[in-house]
Amino acid sequence: MFPLRDDNPTLLTPVITIALIIVNVVVWLYLQGAGMSQEVLASSVCQFGSIPAELTGQMGGFEGVQLAEDLPPCEFGGLRWSSLLTSMFMHGGWLHLIGNMWFLWLFGNNVEDSMGHLRFVFFYLLTGLAGALAHVYTAPDSLIPTVGASGAISGVMGAYLLLYPRIKIETLFVIIVFIKIIPVPAWFVLGEWFALQLLSSRAPSIGGGVAFWAHIGGFVAGLLGIKLFVNRQLLDARKQHLQLSPFEIKNRGWL
């Protein structure tokens, strides 16, 4: 099940969402070498990624970690706590980047539309930090660098769930040879995604090193924080601009 688009027009131009996507892509292309060199990619992950054991001091006497046999060791002593922020703009591969940016665009534009540009910047960064800290808390002795915007994007998804639970999302279903696009309520799409993160966190071996608790932490932070960041005037302006009746507003699932 993969979400493709939603029936949820915006009033504001999502300049911050677009800017975040551009920054992530630029970092991937120029700082991480677009993944063309494993050495450059590993170096960027080591330098700017977040290593839980280094942050908590539970390194077990190690001075670094070997990410691959043919690569130089990833030595400790990097950015430490500031890496919680820099790691949010790093990625481990093309699929990792594309998947994150797709979800950021799909859900970020509407969340930004609900709170305004400046509030959305702080909301995005804070939920990203919450996700990163959740991963550190649940894996304090992990020596593996953590990278990705997933925690922040999970926060955006949590906010979207509370704001627009009944908005229809056109979702791609692929079951063996059965392929179909079906409109599904946001509460189902995002609820199913969150349930999958919870289940996968219980069996992390199936996730290939995915930081599921960063997803969970970011999502919960988004659920809890949206009430503090949402701008009621912007929500009311959206309703008036689209000339929706109270019945239509309720039917669309708007908060």
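Start by selecting helix H7, residues 150-163: among the contributors to the lining of the largest pocket, H7 gives the most, with 6 residues. Keep in mind as you go that this is a predicted model. H7 has 14 residues, and from its first C-alpha to its last it reaches 20 Å, close to the 20 Å expected at 1.5 Å a residue. Colour the helix by accessibility and you will find 13 of its 14 residues buried, so H7 is largely enclosed by the rest of the structure.

**The largest pocket**

Now bring up the pocket itself, with a volume of about 1000 Å³. Of the 42 residues that line this pocket, show His96, Val147, Ser150, Val210 and Ala211, which are the closest to its centre. Which helices each supply at least two residues of the lining? Select H2 (38-48), H5 (94-115), H6 (117-138), H7 and H9 (212-229), and you have them on screen.

**Gly128, in H6**

Stay with H6 and pick out Gly128, which is found in this helix. Is Gly128 buried or exposed? Its relative accessibility is 3%, and as the cut-off for buried is under 20%, Gly128 counts as buried. Then show its surroundings: leaving aside neighbours within four places in sequence, Gly128 is in contact with Met88, Gly151 and Ala152.

**Ala34, in a loop**

Move on to the loop between helix H1 (15-31) and H2, where Ala34 lies. Check its backbone torsions: Ala34 has a positive phi of about 60 degrees although it is not a glycine. At 11% relative accessibility, Ala34 counts as buried.

For the last stop, select strand E4 (residues 168-175) together with strand E5 (residues 178-185). The two strands pair in the antiparallel sense over 8 bridges. To follow one of these pairings, click Glu170 and look across to E5, where Pro183 is its bridge partner. Finish at the turn, which has 2 residues between the strands. What phi does Ile176 take in this hairpin? The angle is positive, near 55 degrees.

Key
Residues are numbered from 1 along each chain as its sequence is written. This is a predicted model: local features need pLDDT of at least 70, side-chain atom pairs count only at pLDDT 80 or more; totals for chains, interfaces and linings use all residues. Side-chain values use heavy atoms; hydrogens and water are left out. Two strands pair if DSSP finds at least two bridges between them. Helices (H or I, at least four residues) and strands (E, at least two) are DSSP runs, numbered from the N terminus. The expected span of a helix is 1.5 Å times one less than its number of residues. Buried means under 20% relative accessible area, exposed over 50%, partly exposed in between (1.4 Å probe, protein chains only). On a 1 Å grid over the protein atoms alone, a cavity is a set of points where a 1.4 Å probe fits but cannot get out, and a pocket is an open set with protein on both sides within 12 Å along at least five of seven lines; lining residues have an atom within 4 Å of a point. Grid points are joined across faces, edges and corners, and a volume is the space filled by probe spheres set on the points. Contact means heavy atoms within 4.5 Å.
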